[in-house]
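Here's a quick tour of one model, written for someone who likes to check contacts for themselves. Have the viewer open and follow along.

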Amino acid sequence: KVTTVISLLQPPPEVFELFDDVLVMAPGGHVIYHGPATEVRKYFVEELGFACPDSVDFADFLVDICTDDAKVYYKPTPHFGVIPPTPVEMGARWKRSELFRDYIEPRFDKARAKGNNAAEN
């Protein structure tokens, strides 16, 4: 099994669909999502209140929500409030999410069990 890490700014939809995992980092190094590519759209809608219109490329959407343009995609509700979360808040929510607990934490636990200190970073 091989792990390949690449960094692409706004890949075309055909390339994005090839990804297994997606890591979204906001300015300041805040990880606001790291998980299955198949779950990223659902996560931003259900956990953060953002929706990507059909007219917007999804990779562009992921970049935009890390900027001041996030408010364009935010759907205020009583559950989410009227102001979009900041990158710091999105990072904190990510670390409290069920997806983080079920997808990322087991990987850290496995690395810790092997004595890999990367899990501590």
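## F50 and its contacts

Let's start with F50. Setting aside neighbours within four places in sequence, F50 is in contact with F44, V45, F61, I65, A70, Y73, Y74, P84, P85 and M90. Keep in mind that this is a predicted model.

## The largest nonpolar core

Which residues touch the most other members of the largest nonpolar core? They are I32, Y33, F44, F50, F61, L62 and I65, out of 28 residues in that core. So F50 turns up again here, and F44, F61 and I65 are on its contact list as well.

As for who supplies the core, at least two residues each come from β1 (21-26), β2 (30-36), α2 (40-46), α3 (58-64), α4 (70-73), α5 and α6. The top contributor is α6, which gives four residues.

## How α5 meets α6

Helix α5 covers residues 87-96 and helix α6 covers residues 98-113. A helix pair like this can be summed up by two numbers: the angle between the axes and the distance between them. Here the two helices pack at about 65°, with the axes 5 Å apart. Angles from 65 to 115 degrees count as roughly perpendicular, so α5 and α6 get that label.

On the α5 side, the contact is made by W94, K95 and R96, while α6 brings E98, L99, F100 and I104. Sorted by class, that contact has four nonpolar residues, three charged ones and no polar ones.

## S97, in the loop

Between α5 and α6 there is a loop, and S97 lies in it. Is S97 buried or exposed? Its relative accessible area is 3%, and the cut-off for buried is under 20%, so S97 is buried.

The backbone nitrogen of F100 lies 3.0 Å from a polar atom of the S97 side chain. W94 and F100 are both among the residues that make the contact of α5 with α6.

## Two exposed residues

R96 sits in helix α5 and is exposed, with a relative accessible area of 60%. Between R96 and F44 there are 14 Å in space, C-alpha to C-alpha, and the two are 52 residues apart in sequence.

E14, in helix α1 (residues 13-16), is exposed too, at a relative accessible area of 56%.

Key. Residues are numbered from 1 along each chain as its sequence is written. This is a predicted model: local features need pLDDT of at least 70, side-chain atom pairs count only at pLDDT 80 or more; totals for chains, interfaces and linings use all residues. Side-chain values use heavy atoms; hydrogens and water are left out. Axes are lines fitted to C-alpha atoms, for helices over the stretch in contact, and angles run from 0 to 180 degrees between N-to-C directions. Angles under 35 degrees count as roughly parallel, over 145 as roughly antiparallel, 65 to 115 as roughly perpendicular and the rest as oblique. Contact means heavy atoms within 4.5 Å. Ala, Val, Leu, Ile, Met, Phe, Trp, Tyr, Cys and Pro count as nonpolar, Asp, Glu, Lys and Arg as charged, and the others, Gly among them, as polar. Buried means under 20% relative accessible area, exposed over 50%, partly exposed in between (1.4 Å probe, protein chains only). A polar contact is a pair of N or O atoms within 3.5 Å; within protein, one must be able to donate a hydrogen and the other to accept it, and residues adjacent in sequence count only if both atoms are side-chain atoms. A nonpolar core is a set of buried Ala, Val, Leu, Ile, Met, Phe, Trp, Tyr and Cys residues joined through side-chain atoms within 4.5 Å.
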